[in-house]
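Please read them alongside the coordinates.

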Amino acid sequence: MKAVYILSNVALFAILASSCMNKQKKDVVIPPLEVEAPMETPQKECYQAVLEKDTITLTVDVNSVNEFEGELDYSYYEKDKSFGTLLGNVKGDTIFADYKFQSEGTTSIRELAYLKKDANTYVEGYGEMIETNGKMSFKDKNKIKFDGNIVLKKIDCKL
């Protein structure tokens with residue numbers, strides 16, 4: 001009886017082992033790893049307006065979602081200069097930004113608007129301003145005029 005028991009266990013083991021070996025191996029498909037696209041590197045652009053002996057230089061970095069940051073430098077002849085940073089966004093062909101700058105030893109914030117006339121030109125907008133919470137802002141953005149004399153032309157950025 002013991003011999004039959006051992007023999008049946010050996011036979012069962014052999015059947016199980018052979019059935020496991022005869023199974024076809026299925027190709028395992030590993031889905032491709034989805035990698036998030038890297039953030040687009042901002043594109044640096046530089047513009048300048050020269051009005052007689054005054055120079056205005058705008059440097060902006062615009063990214064793919066139309067946000068930008070930059071620097072603005074008003075160098076007035078024989079007057080205090082103002083220099084600061086811009087932070088804003090692009091709506092259509094217009095940039096709206098907060099300009100945080102130093103002038104005459106004081107830090108101020110003023111809203112600016114620039115209209116992109118063509119691939120190489122921005123025109124600074126002007127209009128009635130109001131002060132709100134320490135920041136000068138346009139009273140009505142729909143009444144901003146872009147026919148002034150501050151026309152910034154694209155230049156090569158200095159390294």
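1. Helices here are DSSP runs of H or I with at least four residues, and strands are runs of E with at least two, numbered from the N terminus. On that basis the protein, a predicted model, has one helix and 10 strands. The order from the N terminus is α-β-β-β-β-β-β-β-β-β-β.

2. The protein has 159 residues, and 25% of them count as buried. Its accessible surface is about 12,200 Å², with 55% belonging to carbon and sulfur atoms. Among contacts between residues at least 6 apart in sequence, 33% join residues at least 24 apart.

3. Glutamate 52 has a positive phi, near 55°, and its place is in the loop between β1 (43-51) and β2 (54-62). Asparagine 133 also has a positive phi, about 50°; its place is in the loop between β8 (129-132) and β9 (135-138). Glutamate 52 has a relative accessible area of 81%, and asparagine 133 likewise has 81%. Because exposed means over 50%, glutamate 52 and asparagine 133 both count as exposed.

4. The largest pocket holds about 230 Å³ of space. It is lined by 13 residues, and the closest to its centre are Lys44, Cys46, Thr59, Glu71 and Lys158. At least two lining residues come from each of β1, β2 and β3 (67-75). By class, the lining divides into six charged, four polar and three nonpolar residues.

5. How many salt bridges does a search of the whole structure find? There are five. One of the pairs joins the side chains of aspartate 73 and lysine 81, with N to O at 3.6 Å. Aspartate 73 counts as buried, at 16% relative accessibility, whereas lysine 81 is partly exposed at 46%.

6. Another salt bridge is formed by the side chains of lysine 141 and glutamate 111, at 2.9 Å from N to O. This pair links distant parts of the chain, 30 residues apart: lysine 141 is in the loop between β9 and β10 (151-155), and glutamate 111 is in strand β6 (residues 106-118). Lysine 141 is partly exposed, with a relative accessible area of 44%, while glutamate 111 counts as buried at 7%.

7. Lysine 139 and glutamate 128 also form a salt bridge, their closest N and O atoms being 3.6 Å apart. Lysine 139 lies in the loop between β9 and β10 and glutamate 128 in the loop between β7 (121-124) and β8, so the pair ties together parts 11 residues apart in sequence. Both lysine 139 and glutamate 128 are exposed.

Definitions and conventions. Residues are numbered from 1 along each chain as its sequence is written. This is a predicted model: local features need pLDDT of at least 70, side-chain atom pairs count only at pLDDT 80 or more; totals for chains, interfaces and linings use all residues. Side-chain values use heavy atoms; hydrogens and water are left out. Buried means under 20% relative accessible area, exposed over 50%, partly exposed in between (1.4 Å probe, protein chains only). Contact means heavy atoms within 4.5 Å. Accessible areas come from the Shrake-Rupley method with a 1.4 Å probe; for residues, only the protein chains shown count as cover. On a 1 Å grid over the protein atoms alone, a cavity is a set of points where a 1.4 Å probe fits but cannot get out, and a pocket is an open set with protein on both sides within 12 Å along at least five of seven lines; lining residues have an atom within 4 Å of a point. Grid points are joined across faces, edges and corners, and a volume is the space filled by probe spheres set on the points. Ala, Val, Leu, Ile, Met, Phe, Trp, Tyr, Cys and Pro count as nonpolar, Asp, Glu, Lys and Arg as charged, and the others, Gly among them, as polar. A salt bridge is a side-chain nitrogen of Lys or Arg within 4 Å of a carboxyl oxygen of Asp or Glu.
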